[in-house]
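Visitor: I am new to this structure. Could you show me how to read it, one feature at a time?

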Amino acid sequence: MHRLTNSFRHAFRGLATAFRTQPNFRLHILATTFALAFGLLLRIYPGEWAALIIVIALVLGAECFNTALEFLADRVTTDHDPLIGKAKDLSAAAVLIFSIAAATTVALIFLPKVYAWLPNGSQLKN
């Protein structure tokens, strides 16, 4: 049980480090907060909640992996190294790919619901 407790403690410390040190992580948390609030406001369906939670987890997880790689690379050397630069770029690209997928998912979930709220929005669908 002690090992399990330690594992959670380390994981939460990692989340705190990401939040404290990474402006992009804080931006993703802000976007997450808005997405969850809109989900509640618009009463999205369970399948939509599942998709939303999955893409949120993917973006936040990718951001944590990106941060971990950057910390590790900076520990190895702070001098310019082309291979470390490529590794950092690829890690950032992974976050970008997941973020684009998340934004697309959010648009697919929320835009039809927002569109229906607009005046004559439901009539324009036909």
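Visitor: In which helix does Thr32 lie?

Guide: Helices are DSSP runs of H or I with at least four residues, numbered from the N terminus. Thr32 lies in helix H2. This is a predicted model, where local features need pLDDT of at least 70, side-chain atom pairs count only at pLDDT 80 or more, and totals for chains, interfaces and linings use all residues. Residues are numbered from 1 along each chain as its sequence is written, and side-chain values use heavy atoms, with hydrogens and water left out.

Visitor: Is Thr32 buried or exposed?

Guide: Buried means under 20% relative accessible area, exposed over 50%, and partly exposed in between (1.4 Å probe, protein chains only). Thr32 has a relative accessible area of 14%, so Thr32 is buried.

Visitor: Which residues is Thr32 in contact with, leaving aside neighbours within four places in sequence?

Guide: Contact means heavy atoms within 4.5 Å. On that reading, Thr32 is in contact with Ile56 and Leu60. Both of these are among the buried residues of H3.

Visitor: How many residues does helix H3 have, and how far does H3 reach?

Guide: The expected span of a helix is 1.5 Å times one less than its number of residues. H3 covers residues 46-76, which is 31 residues. From first C-alpha to last, H3 reaches 45 Å, close to the 45 Å expected at 1.5 Å a residue.

Visitor: What do the buried residues of H3 pack against?

Guide: They pack against helix H2 (23-42) and helix H4 (82-117). Among them are Leu52, Val55, Val59 and Ala73. Glu48 and Glu63 are also in that buried set.

Visitor: How many salt bridges does the structure hold?

Guide: Side chains of opposite charge can pair when their charged atoms come close. A salt bridge is a side-chain nitrogen of Lys or Arg within 4 Å of a carboxyl oxygen of Asp or Glu. The structure holds two. In one, Glu48 pairs with Lys113, and the closest N and O atoms are 3.3 Å apart. That pair links distant parts of the chain: Glu48 is in helix H3, Lys113 is in helix H4, and 65 residues separate them. Glu48 counts as buried because its relative accessibility is 18%. Lys113 also has 18%, so Lys113 counts as buried.

Visitor: Which residue forms a salt bridge with Asp74?

Guide: Lys88 does, with the closest N and O atoms 2.6 Å apart. Here too H3 is linked to H4, and the two residues are 14 apart. Asp74 counts as partly exposed at 37% relative accessibility. Lys88 counts as partly exposed at 23%.

Visitor: Where is the nearest side chain of opposite charge to Glu63?

Guide: Lys and Arg count as positive, Asp and Glu as negative; His and the chain ends are not counted. Glu63 is buried yet has no salt bridge. The nearest side chain of opposite charge is Arg26, 10 Å away. Not counting residues up to four places away in sequence, Glu63 touches Asn24, Phe25, His28 and Val95.

Visitor: How do the axes of helix H1 and H2 cross?

Guide: Axes are lines fitted to C-alpha atoms, for helices over the stretch in contact, and angles run from 0 to 180 degrees between N-to-C directions. Under 35 degrees counts as roughly parallel, over 145 as roughly antiparallel, 65 to 115 as roughly perpendicular and the rest as oblique. The axes of H1 (residues 2-21) and H2 come within 5 Å and cross at roughly 100°. H1 and H2 are therefore roughly perpendicular to each other. The contact includes Leu15 and Phe19 of H1, and Phe25 and Ile29 of H2.
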